[in-house]
Amino acid sequence: MAACLNLYKNPGSKVSRKAKNPKRISLATVHPIIQKNWDRKLTLRQNYEKLGLVVSLEGAAGGLSKNAGEEEAVETAPSRLPPIGTKVNVRRTKPVLMGEIDPPKQNSIVEEMEEVARNPYKEERHASEHEVQFLKDLVRNHGDDYEAMARDKKLNPFLLSAGQLKRKLTRKTKTQSMSSHS
């Protein structure tokens, strides 16, 4: 009977959770250079400008303050419309083409990111002890006959093809000697 009493909880004792801010940018999967230079107090646009990046290739989509010298667009409120028949100067913005975008300013952050991009780090794959052992067993039994290795169901448990086995063995012979002593 005691277990039945816990089925119905008091609605007043609900756990309240803080709503997640959808505008907060997660930096968990971002490159470390950007993580290091990102300022959470600045907007996305301001951070991109600080980093020397372009927010959008298609120009501004809004949210920018207008300069005082620019002409304002005509408001569409009925009381503010000019009388019928008068000419109105409406400034139309020209679409920004790919070549017309101002290149980002060079700064130390951009130079650091370009340096990292010029020298990519290639991560080497390390074989497990089990993989090395089954390759040694295949070499001991079949020598250089990759077709026979591919057909051997007992020693080739992953049913690798002859080409896959040849690639694995050539990689292993480069990194460590595949001598037959166990």
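Helices (H or I, at least four residues) and strands (E, at least two) are DSSP runs, numbered from the N terminus. The legends below describe a predicted model, in which local features need pLDDT of at least 70 and side-chain atom pairs count only at pLDDT 80 or more, while totals for chains, interfaces and linings use all residues. Residues are numbered from 1 along each chain as its sequence is written, and side-chain values use heavy atoms, with hydrogens and water left out.

**Figure 1. The chain has seven helices and zero strands.** Along the sequence the pattern reads α-α-α-α-α-α-α. The chain has 182 residues, of which 15% count as buried (buried means under 20% relative accessible area, exposed over 50%, and partly exposed in between, with a 1.4 Å probe and protein chains only). Its accessible surface, from the Shrake-Rupley method with a 1.4 Å probe and, for residues, only the protein chains shown as cover, comes to about 16,200 Å². Carbon and sulfur atoms hold 53% of that surface. Among contacts (heavy atoms within 4.5 Å) with a separation of 6 or more, 39% are between residues 24 or more positions apart.

Figure 2. Side chains of opposite charge can pair when their charged atoms come close. A salt bridge is counted when a side-chain nitrogen of Lys or Arg lies within 4 Å of a carboxyl oxygen of Asp or Glu, and the whole structure holds five. D137 is buried, at 18% relative accessible area, whereas R140 is partly exposed, at 44%.

**Figure 3. A salt bridge joins K36 and E112.** The N to O distance is 3.5 Å. K36 belongs to helix α2 and E112 to helix α4 (residues 108-118), so the pair ties together parts 76 residues apart in sequence. K36 is exposed, with 56% relative accessibility, and E112 is partly exposed, with 31%. Elsewhere, E114, E115 and R118 are linked in a network of salt bridges.

**Figure 4. K168 forms a salt bridge with E131.** The closest N and O atoms are 2.7 Å apart. Since K168 lies in helix α7 and E131 in helix α5, the pair ties together parts that are 37 residues apart in sequence. Is K168 buried or exposed? K168 is buried, with a relative accessible area of 18%, and E131 is buried too, with 9%. Leaving aside neighbours within four places in sequence, K168 touches R125, E131, L135 and L160.

**Figure 5. Seven residues make up the largest nonpolar core.** Such a core is a set of buried Ala, Val, Leu, Ile, Met, Phe, Trp, Tyr and Cys residues joined through side-chain atoms within 4.5 Å. The members are F134, L135, L138, M149, L160, L165 and L169. L160 sits in the loop between α6 and α7 and is buried, at 13% relative accessible area. L160 is 10 residues from A150 in sequence and 6.0 Å from A150 in space, C-alpha to C-alpha. Not counting residues up to four places away, L160 touches F134, A150, L165 and K168, while L138 touches G143, M149, D152, L155, N156 and L165. A second, separate core of six residues includes L27, I34, W38 and I109.

**Figure 6. The structure holds two aromatic pairs.** Rings of Phe, Tyr and Trp (its six-membered ring) pair if their centres lie within 6.5 Å; planes under 30 degrees apart count as stacked, over 60 as edge-to-face and the rest as tilted. W38 and Y48 pair edge-to-face, 6.2 Å centre to centre and with 85° between the planes. W38 is in the loop between α2 (32-37) and α3 (44-51), and Y48 is in helix α3, 10 residues apart. W38 is buried, at 14% relative accessibility, and Y48 is partly exposed, at 24%. F134 and F158 are also edge-to-face, 5.6 Å centre to centre and with 70° between the planes. F134 is in helix α5 (residues 129-142) and F158 in the loop between α6 (146-151) and α7 (162-175), 24 residues apart. F134 is buried, with 5% relative accessibility.

**Figure 7. I25, L44 and V55 form a nonpolar patch on the surface.** Patches are made of residues with over 30% relative accessible area and no salt bridge, like charges being joined within 9 Å and nonpolar side chains (Val, Leu, Ile, Met, Phe, Trp, Tyr) within 5 Å. Together the three residues have about 190 Å² of accessible area. L44 is in helix α3 and is partly exposed, with a relative accessible area of 36%.
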